Amino acid sequence: MLAAARPAMAGVLLAGGALAGPRRDGRGGLRKVPGLGWVTADPTVGRRVLTDHRHFTIVGEGGVGHLWAQILGDWVLDLFDGPGHHDLRTRSRELFTEASAAALVDGAWSAALDDARSTLAAGGTVDVGRLARVLVGRMMISLLGIPTPGGASSPGGADAVPSDDDALAAFATGERLASIALGSAGSTYLSAEQVAAAREIVAELTRGVPDGWRHAPTDRLLGRCRELGLGLEETTGLASLLMVAGTETSASAMARTTALLVDTGEQHRLLRLLADERARPVVRAAGEPDVVENAVREGLRVTSPASVIGRGVSADVEVAGRTLRAGERVMILTWAANAGVGPFRADRPYVRETRQLWFGAGRHLCLGAALARAEIAALLHALWDDGAPLRVVSRRAKRRVLVPGYDELVVARA
Ligand code: HEM
């Protein structure tokens, strides 16, 4: 799957995992690779880099903020890493809480998930690859008030559910924007054509933002941004960011976790645990995951859709016995670091070394983590709550994309 998405990157992830993974001598794997810079697949070293904001930056060459500044303008630099970032994160902390994420998923998705459930129960097939794109596209339309050709969504709120075609179109636009970052493994400098193409897409995606920011009710994301005191520029920046950060990643994790559960046979364990829990309900401590949430965490660990996280070195620093110089770059091979822990097990307990490295760490830790978890959990419930195992009828991996995933993953009851 990694090879279909980005053949060269798959090589880096696989070789890097072997060469730059955790070491017995405790010095941690950190290696310099010509053309890439420093590379690590050690979760402890990765977290050390991500949480050291005095020596590493997301806006320097090698970080994703560097890409965005070229597309959106230099004001992004402050929004991404300066005092503006701190301010933005403080204000937006409550945008995606567990409760608001659950409400979002429930509102935007329940009809489509119910359809999938009844199709499977009736012996039909469901293409989880497509379903994930429709669901995520729908989420983005309702979050960002993206105007749709059918006029199904208005930023104002309480409106009809966008059509599948509108949702797929929104998803594809987000995907096009993300694909601009495809060639950035060696350098995050964009060509003039790439910048122009990206600006056009951002303008298209955020067309509905000014109106939503002014008029949307406060139970909508754009209305909440206004209420939290975010200006129009910040809200537009945040909206573009959500679109890129939260579309392909979520859809990838949803379909790949489904495939993993079937392929590894772990769906039988999940079904057993679900049945046990129904027979003997347990009282859980606050924050302790239930059986599906546990499988979601495992799915995120093994798939790690953001397979690489980049940073620029902003000041000379010693890490894992190496000296990194200002101006160099570091690639954290998140997928290799997380997947290295072991194979997918629906009931694997929390792993301390990786924690939730699939969502990053430190001040840029994924803002949409609660939403992503709620999205994957909602899909797994729809597919397995009835207690019947599934089989994969056919599948096709996506080719030449930033985030590995399924174009098609057709499932039916086994
Ligand atoms: C399975 C799904 C997802 C994965 C694996 C994922 C992963 C990540 C990672 C690794 C980062 C840190 C990047 C860095 O440090 O350079 C990040 C940041 C971010 N993510 Fe997610 N993400 C997912 C879903 C979402 C969703 C659904 C949203 C929102 C709708 C979202 C919004 C963001 C935002 C806004 C940031 C930037 C935070 C900042 O720089 O302060 N993500 N994500």
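Trainee: What volume does the second largest cavity have?

Mentor: The second largest cavity comes to about 70 Å³, where a cavity is a set of points, on a 1 Å grid over the protein atoms alone, at which a 1.4 Å probe fits but cannot get out, and a volume is the space filled by probe spheres set on the points, which are joined across faces, edges and corners. This is a predicted model, in which local features need pLDDT of at least 70 and side-chain atom pairs count only at pLDDT 80 or more, while totals for chains, interfaces and linings use all residues. Residues are numbered from 1 along each chain as its sequence is written, and side-chain values use heavy atoms, with hydrogens and water left out.

Trainee: How many cavities of 30 Å³ or more are there?

Mentor: The count by this rule is seven.

Trainee: Okay, switching to the ligand: which residues are closest?

Mentor: Of the 26 residues that surround the ligand, the closest are His 85, Arg 89, Arg 311, His 364 and Cys 366, with a residue counted as near if one of its heavy atoms lies within 4 Å.

Trainee: What does Arg 311 do there, in terms of distance to an oxygen atom of the ligand?

Mentor: A polar side-chain atom of Arg 311 is 2.7 Å from a ligand oxygen atom. For Arg 89, an N or O atom of the side chain is 2.7 Å from an oxygen atom of the ligand, and for His 364 the corresponding distance is 2.7 Å; a polar contact is a pair of N or O atoms within 3.5 Å.

Trainee: Which element gives the most to the shell around the ligand?

Mentor: That is α13, with four residues. By class, the shell holds 16 nonpolar, seven polar and three charged residues, taking Ala, Val, Leu, Ile, Met, Phe, Trp, Tyr, Cys and Pro as nonpolar, Asp, Glu, Lys and Arg as charged, and the others, Gly among them, as polar.

Trainee: What donor does the iron atom of the ligand have from the protein?

Mentor: The iron atom has a single protein donor, Cys 366 (SG), at 2.3 Å, and Cys 366 is in the loop between α17 (334-339) and α18. Donors are N, O and S atoms within 2.8 Å of the metal (3.2 Å for Na, K and Ca), and sites may look incomplete because water is not among the atoms.

Trainee: Now the largest pocket: how much space lies in it?

Mentor: It holds about 720 Å³, a pocket being an open set with protein on both sides within 12 Å along at least five of seven lines. Its lining has 29 residues, and Glu 98, Glu 293, Arg 373, Ala 374 and Ala 377 are the closest to its centre. The biggest share of that lining comes from α7, with nine residues, and by class the lining has 15 nonpolar, four polar and ten charged residues.

Trainee: Last one, what order do the strands of the open sheet have?

Mentor: The five strands run β1-β2-β8-β5-β3, with mixed pairing, and two strands pair if DSSP finds at least two bridges between them. The edge strands are β1 (31-33) and β3 (56-57). β3 pairs with β5 in the antiparallel sense over two bridges, and Thr 57 stands opposite Gly 312 in β5.

Terms used:
On a 1 Å grid over the protein atoms alone, a cavity is a set of points where a 1.4 Å probe fits but cannot get out, and a pocket is an open set with protein on both sides within 12 Å along at least five of seven lines; lining residues have an atom within 4 Å of a point. A polar contact is a pair of N or O atoms within 3.5 Å; within protein, one must be able to donate a hydrogen and the other to accept it, and residues adjacent in sequence count only if both atoms are side-chain atoms.
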